[in-house]
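Let's walk through this model together, one region at a time. Keep the viewer open as you read.

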Amino acid sequence: MPQFLYEQLDGAKKVGMRWPDVPDFVAANLNPTFALREYQAEAFGRFFHCYHNPFEGKEPPLHFLFNMATGSGKTLIMAGLILYLYKQGYRNFLFFVNSANIIKKTEDNFLNMLSSKYLFSDKIIFDNQEAHIRQVDNFEDANDRDINICFTTIQKMHGDLHNEKENSLTFEDFKDKKIVLLSDEAHHTQVATRQGALVGLERPNWENTVNKILEKNTRNILLEFTATMDFINPHIADEYRNKVIYRYDLKAFRNDGFSKDPMLLPSNTDKKDRITQAIILNQYRQDVAGKYGINLKPVILFKAQKTIAQSQENKALFHKIIDNFSVRDIARIRSRTNVEVLQKGFRFFTERGITDDMLARKLKDNFGENKCLSVNDEDEKDRNQILLNSLEDRDNQIRAIFAVQKLNEGWDVLNLFDIVRLYETRDGKNNQPGKTTISEAQLIGRGARYFPFRIADDEDRFMRKYDKDIDHELRILEVLHYHHHDEPRYLSEIKIALEETGIMDADEMEVELKLKEDFKKKRFYKSGMVYGNERVKTSFEKVRSIADLGVSKRDMSFVMDSGLGGEASVYGGNDKIGGAMIMKEGEDLPVNAIERHIVKNALTKNNFFTFENLKRYFPHVVSMREFIERDEYLGGLSVNIGGMRGNAESMGNEEKFQAMAQLLNELEKEMKDGITEYKGTVEFKPKKLSTVFGDKKIKVKKGSVKADGQQDYIAGKKWYVFDALYGTSEEKDFVDLIARMVEDLNENFKEVYLVRNERVMKIYNFYDGAAFEPDYLLFLVDKKGGSLAYQLFIEPKGAHLREHDKWKENFLEEITARFKDKKPLEFARGKYKILGIPFYESENENEFREKLMETIQT
């Protein structure tokens with residue numbers, strides 16, 4: 001069976017092929033709020049490669065499909081591809097999808113600069129010229145300076161093209177123009193292919209309408225996006241074998257940490273208690289978020305089985321529960337539940353001084369009728385569309401939504417945390433999920449979009465942070481709970497459905513990592529310290545010139561076209577090349593010699609040189625005029641003009657503008673190369689060891705090397721402080737080495753402790769503040785007395801990762817260089833030497849051993 005295009009690209013990448021990087025003109029013109037993730041850069045790189053290079057089956061017009069998970073940022077990739085293709089000469093873009101709701105959201109994302117989800121930068125600049133996003137009904141009034149986008153549903157486009165109307169799209173619109181077609185939820189369009197290549201060719205359908213547009217011009221491009229591809233269908237598989245450029249499915253998305261972690265919450269309760277449990281758990285989430293200063297209004301979806309009448313009954317029951325809610329309802333749930341997360345919630349309320357009476361009043365207020373929304377039919381959905389699409393906004397008070405089937409594709413919400421199934425029937429057969437259960441699993445997948453937050457500057461807002469610390473309070477903000485009746489057959493079926501969608505990993509298991517009881521009794525654990533540094537924002541208070549940011553060049557080169565030429569004989573002789581064609585030595589044109597309006601115009605065309613941004617890096621600059629004129633800043637720079645004789649003296653305003661724009665581009669690059677927003681402090685501060693390291697729950701893959709905790713091997717090793725070793729083969733080889741070294745270490749040290757750092761402690765690179773979590777800390781207490789202890793940071797590293805993480809090894813070596821020969825760090829009860837050891841690699845074990853022993857020699 002021939003490979004899909006994405007499989008061929010996967011294979012090429014494995015053997016070392018690299019895709020082009022995302023060019024600056026794409027990155028700079030996207031909203032900086034949305035930093036590109038690695039998989040998004042991968043999607044871009046694959047497109048750039050395939051757009052410019054031949055591959056088997058490539059033929060015009062180009063047609064690619066991106067099979068990417070719900071929530072993975074497909075619309076951001078569309079925006080980036082629009083920018084890239086604009087640079088390739090495309091100006092006209094046709095976006096279509098099967099849902100009017102998605103059209104409204106996409107228009108908002110592409111056109112509304114006030115929207116929190118707007119995808120482009122404030123100004124879109126190509127070659128120092130501004131381009132605008134223009135919404136058009138057709139391409140008759142499109143212009144060649146801007147990005148012209150027509151938004152339409154596939155239904156409307158199909159109807160308009162086959163029943164021509166005034167001001168609507170017609171097939172003539174596509175005759176002499178090259179168009180980029182952007183198809184979202186593209187699986188809906190594949191109507192003919194799904195049924196067989198010859199089906200539906202005689203009468204118009206969505207798919208052949210799209211193909212007819214595409215084939216109007218061989219330079220047209222069709223880019224399809226969908227999370228749902230039926231690869232099992234042989235017709236789909238054959239048609240798309242050379243078109244699927246990237247596959248990043250829900251399983252990969254979830255395993256990479258970009259989604260919430262769905263958890264099933266079965267309970268043997270009636271509807272009333274299921275609702276009550278859900279609102280208590282939902283309020284627990286909000287209060288945990290509030291404790292850490294995170295603004296969160298978690299939303300609950302109450303799901304009816306089939307009919308609008310059932311959903312209305314659920315809503316009526318909900319309001320009755322809330323209207324009559326009292327402390328008795330809370331006490332009833334507390335006394336009956338054995339659900340761990342609810343018990344944890346009740347303990348949290350007690351610790352925070354939230355009484356049952358206070359909680360009851362909170363719930364009555366937060367889930368009042370004015371904070372509930374019904375979305376059961378198209379009229380309700382359209383009427384409530386603004387509220388539905390802005391659930392994350394601070395001024396949106398909606399907490400509960402009641403629905404049957406209307407919240408399917410296109411519902412983009414990040415703060416949905418609970419789905420409550422208010423029915424108990426099932427349609428599975430032979431231990432396999434039925435259609436209803438499969439649709440429920442798909443709903444869970446759509447609801448599992450991650451709610452972005454962070455409590456430290458070095459954390460990624462858009463990724464799960466507590467997979468290796470699932471007892472952490474904030475873990476509740478990374479979990480989507482699906483509440484349902486406890487019926488074993490249904491539980492089995494929904495698990496199967498979730499595993500098939502990829503949002504639940506059947507191979508994942510939860511394990512507990514406990515400190516050994518003997519170690520917890522040790523004086524070292526009770527009173528010992530662990531030292532770490534901090535991440536701080538870089539201060540630019542001392543910056544008083546561009547040279548202070550590392551800009552050393554004082555002039556930038558600019559080569560002018562002369563417009564001159566000459567004649568040369570093919571056979572030699574009779575050449576007419578005059579002196580005017582001789583290159584002249586570069587001539588400096590100071591910025592202060594360029595007309596002020598030209599300099600200002602060039603500055604306005606570069607988003608980096610806004611006055612607000614300049615004040616960040618040059619806090620002592622008081623005006624844009626000062627930045628332009630002072631020698632310490634722009635005024636001290638020159639443009640070195642190269643070209644043919646006579647051009648420098650006769651530069652026109654356009655050439656001066658281009659020269660100035662090029663100077664600013666180069667200056668921006670040099671400044672960015674010299675700027676680091678954060679630094680790691682050189683000072684290391686102590687914390688009590690017992691408050692940093694403790695018991696933890698983590699997740700590991702069943703059957704993996706890491707899943708074998710080697711409890712029997714570890715049990716007798718008093719120097720290894722945890723009761724299990726869940727690690728990679730490299731990490732286990734390292735621990736085995738320490739086991740063989742302990743006898744030698746004990747000659748000079750009376751206590752030896754190896755502590756696994758399971759995402760508990762971070763240290764920060766001195767240069768740029770990048771966070772690093774060394775896998776192990778080795779503590780050695782000196783026999784010579786004086787309460788001297790050594791704290792060593794150690795990182796086992798596979799050879800394939802060494803180059804990628806080279807900065808970490810450099811940082812470890814710099815720690816040793818800074819502290820080895822200095823006086824130990826002291827606190828009231830002892831002294832510590834802080835050291836770092838170069839990476840451990842099993843194949844270079846002897847080298848590591850020698851370096852370790854050399855480093856701890858006193």
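Predicted model: local features only at pLDDT ≥ 70, side-chain atom pairs only at ≥ 80, totals over all residues.

Sorted by class, the H11–H15 contact holds four nonpolar, three polar and two charged residues.

Two packed helices are described by the angle between their axes and the distance between the axes. For H11 (residues 271–291) and H15 (residues 356–366), the axes come within 11 Å and cross at roughly 95°. An angle from 65 to 115 degrees counts as roughly perpendicular, so H11 is roughly perpendicular to H15.

## The seven-stranded sheet

Next comes a sheet to trace strand by strand. It is open, has seven strands in the order S5-S6-S2-S7-S8-S1-S9, and its pairing is parallel. Which strands stand at the edges? They are S5 (133–135) and S9 (244–248); each has a single partner strand, so one side of each is left without a neighbour in the sheet. On average, and with direction ignored, neighbouring strands of this sheet are turned by 20° against each other.

In soluble globular proteins, nonpolar side chains tend to be buried together. The largest nonpolar core in this model has 83 residues, of which Phe 47, Phe 66, Leu 85 and Leu 223 touch the most other members. Helix H4 (residues 74–87) supplies the largest share of this core, with ten residues.

What does Phe 47 contact, leaving aside its neighbours within four places in sequence? The list is Phe 64, Phe 66, Leu 81, Tyr 84, Leu 85, Leu 223 and Ile 245. Apart from this core lies another, of 66 residues, among them Ile 738, Tyr 753, Tyr 776 and Phe 793.

## A buried asparagine in a loop

Asn 128 sits in the loop between strand S3 (124–126) and strand S4 (129–131). Is Asn 128 buried or exposed? Buried means under 20% relative accessible area, so Asn 128, at 10% relative accessibility, counts as buried. Not counting residues up to four places away in sequence, Asn 128 touches Lys 605, Phe 657, Gln 658, Ala 661 and Asn 665.

## The five-stranded sheet

Another open sheet has five strands in the order S25-S28-S29-S31-S30, with mixed pairing. S25 (749–756) and S30 (825–827) are its edge strands; each has a single partner strand, so one side of each is left without a neighbour in the sheet. Neighbouring strands of this sheet are turned by 20° against each other on average, direction ignored.

Within it, S28 (residues 776–782) and S29 (residues 788–794) pair in the antiparallel sense over six bridges, and Leu 780 stands opposite Tyr 790 in S29. Helix H30 (residues 806–819) packs on this sheet, where it touches S29 and strand S31 (830–836). The direction of H30 makes about 140° with that of S31.

Terms used: Residues numbered from 1 in each chain as written. Heavy atoms only, no water. Axes fitted to C-alpha atoms, helices over the stretch in contact; angles between N-to-C directions. Helix = DSSP H or I, 4+ residues; strand = E, 2+ residues; numbered from the N terminus. Parallel < 35°, antiparallel > 145°, perpendicular 65-115°, else oblique. Nonpolar A, V, L, I, M, F, W, Y, C, P; charged D, E, K, R; others polar. Pairing = 2+ DSSP bridges. Core = buried A, V, L, I, M, F, W, Y, C linked by side-chain atoms within 4.5 Å. Buried < 20%, exposed > 50% of the residue type's maximum accessible area, 1.4 Å probe, protein only. Contact = heavy atoms within 4.5 Å.
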